[in-house]
Amino acid sequence: MKRGATKVLFVSSEAYPLIKTGGLGDVLYSLPHAVHARGADIRLLLPGYRALLRQLEQVRILGWMDVRGAEGMVTARVLETRHPDFAFPLWVVDCPPLFDRPGNPYTNASGQDWPDNAERYTVFSRVAAQLAMDGLEHGWKPDVVHAHDWQTGLVAAFLADQPGRPKTVFTIHNLAYSGFFPHGEFIRLHLPNHWWSSEGVEFHGGLSMLKAGIVYADAITTVSPTYAAEICTPEFGFGLDGLLQSRSYKLQGILNGIDENLWNPHTDPRLPAHYSMSRIQPGKRRNKQALLERFMPHADEAALAAPLLGLVGRLVEQKGIDWVLAAIPVLLAETDVRLVLLGSGQVVYEQKLTRLARQYPDRVFVEIGYDESLAHLIEAGADLFLMPSRFEPCGLNQMYSLRYGTPPIVYKTGGLADTVVDANEVTLADASANGFVFDTPDASTFLATIHRALALYRQPARWRRLQQTGMQQSFDWADSAAHYLALYAA
Ligand code: ADP
C-alpha cells in the first residue's frame, strides 16, 4: 500500500459473498474494491454472524473490547482475516450472544425481526467507533469511516464529539428502513441523554438509527442522484424529508456501479452458455432453454419462441409486486408470454405467486427463496426483466439485466430513472433506448408498458439494437469511485 494512501474503514451489516440479503451486500463488495483499486487503504468491518464466521479460515484476534450492551457490559472479540474474495483485510465483530445465530442477519426463520436488533447494532456501532479511534492500538487509524444504512447509523453519533476523530460518511441505501426502536431501548442501551431531541436521534417518540447517521455524519450520500432529490420530498421522505432538506448542504447522490466481472454474460460461470454484444444468440437462447427446463421437463419450440418475462427481488410492496400480480392473469389471457419469478419476502406475495404457478404450471414459474445462481440465469435467460418498483434508491437488477441483454421495464423513479432510457421513436432512432419506462404509478400503465415492450420484441432487428445499447453501456465503478474518493478527501 502506498504511503499516504487514504485510510477508509467501511462499516456494514452485509458484504457479498459472505453475507447478503440485497443490493447492500453487492455494493459493500464492489465499492470498497473500487476505492481500494484506486489507491485507498481499506478495512471492512462486519458483524460475526454464524454464517459468516463459518466461511472464514485463518483469523487473527486483534483484541477484545468491552462495550455497553442492554444489560451491562458485552465483550466483543475483534478478528482480522484475509479472504480470497477480498483484496484487503476484513475485520469482524465476534460477539456470540448477539450474532451467533442461524438464518438472516435481521430476522428469525419465521421472518420476524430479532427482538434485540437495537442492542445488536448498537454494540456493533460502538465497537466500530472505538476501532475508528484505533481503540485496540494497532497503529491503523482511518482518515474516514464510511458507514452504511441504519445498522451503522450510530457510528457517526458515537464519534461526533471525539477529539481527533476521522471524518464520517454515511450512505443511505434505502430510506424505508430506519432502524426505529421505542424510547425504552434508548434508555436500556445507555445512549447519551443529549442525543434525545428532535435535533438528535429522536423521531416521533422513538429512536431512529438512520436519523442518527443523517444528523451526525459529516457527509451523507445516497445511491443515485434522482433518489437524493426524491428523499427531500414528502412523497419519498418517510418523514425525514424536512431533516434531509435542511442537511442538503452535505447530501449528494452517487450512482452505484456494478461489478462487471461478476456480472458478465461473456464469462459468468453460473451460465450454461456465454454470449456477448456482437453475438447474443444462440447463447442467450441456450440460457433461456436451461432456465425453462429448470421448471418444466422439456422446453419445446413454442415455449422457446414465446417471450419470457423475468423478475428477481425482494417480494415487498416497494418492488411493485402487487402490480405484477395484477398484470399476470391479463398477460396470460392476452398474450403467449411465460414468466419466471424468484424472490422471497411478504408471505401474502409469496402465497399469491405460488398459487399462480400452480394454476398455470406451464406458463408461470415461481421460486420462493434466495438463489444467487438462479438470479444470474434469469438475467441471462429471460427476454424482458420486470422491475416496477414504486421507489428504488438505485437498483442493481436493472443494470444487471441491461448488461445481460434483457431490457428492463421500470417505473421512473430513483436509480431506475437514472439508468433506463425508454424506447420510443426518438430514442430508438438515436440508439439511446435501452428499456421501457412508465411514469404513472399504477398497474394498468405497467401492463400497457409490457404490451409496448412485447410489440417491439416482435421486431427482431430493432430488439437486437435495444439489447445491444444496454449491453454496451458501462455501469462500472470508475466515475462513482472517483466521487467517493473526492468526498473522502474534501
Ligand atoms: P434491493 O437492494 O432493494 O434488494 P437491488 O436491485 O439493489 O434491490 O439489489 C438486489 C440484489 O439482491 C441483486 O443482486 C439481486 O440479484 C439480489 N436478489 C434479490 N432477491 C434475490 C433472490 N431471491 N435470490 C437471489 N438474489 C436475489
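Q: In strand 16, which residue is the bridge partner of Gly310?
A: This is a predicted model. Strand 13 covers residues 308-315 and strand 16 covers residues 384-387. The two pair in the parallel sense over two bridges. In strand 16, the residue that bridges to Gly310 is Phe385.

Q: What is the strand order of the open sheet of six strands?
A: The pairing in this sheet is parallel. Strand 15 (364-368) and strand 18 (436-438) are its edge strands, each pairing on one side only. Neighbouring strands are turned by 20 degrees against each other on average, direction ignored. The order is 15-14-13-16-17-18.

Q: At about what angle to strand 13 does helix 12 run?
A: Helix 12 spans residues 321-334. It lies across strand 13, strand 14 (338-345), strand 15 and strand 18. Its angle to strand 13 is about 155 degrees.

Q: Which helix lies across strand 13, strand 16, strand 17 and strand 18?
A: Strand 17 here is residues 408-411. The helix in question covers residues 443-457 and runs at about 160 degrees to strand 18. The element is helix 18.

Q: Why is one side of strand 3 and of strand 12 left without a neighbour in the sheet?
A: Nine strands form an open sheet with mixed pairing, in the order 3-4-5-2-1-6-7-11-12. Strand 3 (59-68) and strand 12 (251-253) stand at the edges of this sheet.

Q: By how many degrees are neighbouring strands of the nine-stranded sheet turned against each other on average?
A: The sheet is open, and its pairing is mixed. Direction is ignored in the average. The value is 25 degrees.

Q: Which residue of strand 5 stands opposite Leu44?
A: Strand 2 (residues 41-47) pairs with strand 5 (residues 90-94). The pairing is parallel, over four bridges. Opposite Leu44 stands Leu90.

Q: At about what angle to strand 3 does helix 4 run?
A: Helix 4 covers residues 117-132. The strands it lies across are strand 1 (7-11), strand 2, strand 3, strand 4 (73-81), strand 5 and strand 6 (144-148). Its angle to strand 3 is about 115 degrees.

Q: Which strands does helix 7 touch?
A: Helix 7 (residues 209-216) packs on the sheet. Its direction makes about 135 degrees with that of strand 7. The strands touched are strand 7 (167-172) and strand 11 (219-222).

Q: How far is the side chain of Asp26 from an oxygen atom of the ligand?
A: The ligand is surrounded by 21 residues. The closest are Gly23, Asp26, Arg314, Lys319 and Gly369. For Asp26, the atom concerned is a side-chain N or O, and its distance to the ligand oxygen is 2.6 Å.

Q: How much of the ligand's accessible area does the protein cover?
A: A backbone N or O atom of Gly23 lies 2.7 Å from a ligand oxygen. A polar backbone atom of Gly369 is 2.8 Å from a ligand nitrogen. On its own, the ligand has 560 Å² of accessible area, and the protein covers 94%.

Q: Which element gives the most residues to the shell around the ligand?
A: Elements giving two or more residues include helix 1 (23-37), helix 14 (372-381) and helix 15 (397-403). By class, the shell has seven nonpolar, seven polar and seven charged residues. The top contributor gives three residues, and that element is strand 13.

Q: What is omega for the peptide bond from Tyr16 to Pro17?
A: Most peptide bonds are trans. The bond from Tyr16 to Pro17 is cis. Pro17 is in the loop between strand 1 and helix 1. Omega is near -5 degrees.

Q: Where does Glu137 lie?
A: Most residues other than glycine have a negative phi. Glu137 has a positive phi, near 55 degrees. Its place is the loop between helix 4 and strand 6.

Note on methods
Residues are numbered from 1 along each chain as its sequence is written. This is a predicted model: local features need pLDDT of at least 70, side-chain atom pairs count only at pLDDT 80 or more; totals for chains, interfaces and linings use all residues. Side-chain values use heavy atoms; hydrogens and water are left out. Two strands pair if DSSP finds at least two bridges between them. Axes are lines fitted to C-alpha atoms, for helices over the stretch in contact, and angles run from 0 to 180 degrees between N-to-C directions. Contact means heavy atoms within 4.5 Å. A residue is near a molecule or strand if one of its heavy atoms lies within 4 Å of it. A polar contact is a pair of N or O atoms within 3.5 Å; within protein, one must be able to donate a hydrogen and the other to accept it, and residues adjacent in sequence count only if both atoms are side-chain atoms. Accessible areas come from the Shrake-Rupley method with a 1.4 Å probe; for residues, only the protein chains shown count as cover. Ala, Val, Leu, Ile, Met, Phe, Trp, Tyr, Cys and Pro count as nonpolar, Asp, Glu, Lys and Arg as charged, and the others, Gly among them, as polar.
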